[in-house]
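Here's a quick tour for anyone meeting this structure for the first time. Have a look at the sequence and the model, then read on for the aromatic rings, the core and a helix.

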Amino acid sequence: MSVKLRLTRRGAKNAPQYRVVATDTRSPRDGRFIEILGHYDPTRFPDSISLEEERILHWLHCGAIPSQAVKKLLKARGIKPQISQTTDNPVGGEMS
C-alpha cells in the first residue's frame with residue numbers, strides 16, 4: 001500500500017475548507033483516509049493552517065509522498081520534510 005499526504009475538501013459551495021490527511025493512493029480525493037494530520041482554510045490564509053508536525057514527519061519518514069498542495073502548506077509553516085531519496089527500482093527488480 002502506498003501512502004500519500006493530500007487534501008480532502010470539506011465545507012460548503014464557494015466556502016472550501018480542507019483537511020490534510022494520510023491516505024492510500026487508490027482512495028478517491030474525499031474518500032477513505034488513514035489519519036487526519038491537519039486543517040487548512042484558504043479564505044483565511046496563512047493563519048488558518050494547523051498541522052500536526054510530528055505525525056506528518058512520521059508519515060514522511062515511513063515513505064508517504066506529499067502532494068504539491070501539501071508541500072506548499074508545509075513550506076508555509078516552515079516544516080522541512082526529510083524525504084529519503086532511494087535509488088531502488090520502484091517495481092522491485094534489479095536495475096540493469
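Search the whole structure and you'll find 1 aromatic pair, where rings of Phe, Tyr and Trp (its six-membered ring) pair if their centres lie within 6.5 Å. This is a predicted model, in which local features need pLDDT of at least 70 and side-chain atom pairs count only at pLDDT 80 or more, while totals for chains, interfaces and linings use all residues. Residues are numbered from 1 along each chain as its sequence is written, and side-chain values use heavy atoms, with hydrogens and water left out.

**The aromatic pair**

- Tyr18 and Tyr40 make up the pair, with 6.1 Å centre to centre and 25° between the planes; that counts as stacked (planes under 30 degrees apart; over 60 is edge-to-face, and the rest are tilted).
- The pair links distant parts of the chain, with Tyr18 in strand E2 and Tyr40 in strand E3, 22 residues apart. Helices (H or I, at least four residues) and strands (E, at least two) are DSSP runs, numbered from the N terminus.
- Tyr40 is buried at 15% relative accessibility, whereas Tyr18, at 22%, is partly exposed. Buried means under 20% relative accessible area and exposed over 50%, with partly exposed in between (1.4 Å probe, protein chains only).

**The nonpolar core**

- The largest nonpolar core has 17 residues, and those touching the most other members include Leu37, Leu51 and Leu74. Such a core is a set of buried Ala, Val, Leu, Ile, Met, Phe, Trp, Tyr and Cys residues joined through side-chain atoms within 4.5 Å.
- E1, E2, E3, H1 and H2 each give two or more residues to this core.
- Leu37 sits in strand E3 and is buried, with a relative accessible area of 0%.
- Beyond its neighbours within four places in sequence, Leu37 is in contact (heavy atoms within 4.5 Å) with residues including Leu5, Val20, Leu51 and Trp59.
- Leu37 and Val20 are 17 residues apart in sequence, yet 5.3 Å apart in space, C-alpha to C-alpha.

**Helix H2**

- Which residues of H2 (residues 68–77) are buried? They are Val70, Leu73 and Leu74.
- Those buried residues fall within an arc of 100° seen down the axis of H2, so they line one face of the helix; the arc is that of the directions from the helix axis to the C-beta atoms.
- On the other side of H2, you'll find Gln68, Lys72 and Lys75 exposed.
- Among the elements covering the buried residues of H2 are strand E1 (3–12) and helix H1 (53–61).
- Just after H2 comes Gly78, with a positive phi of about 80°.
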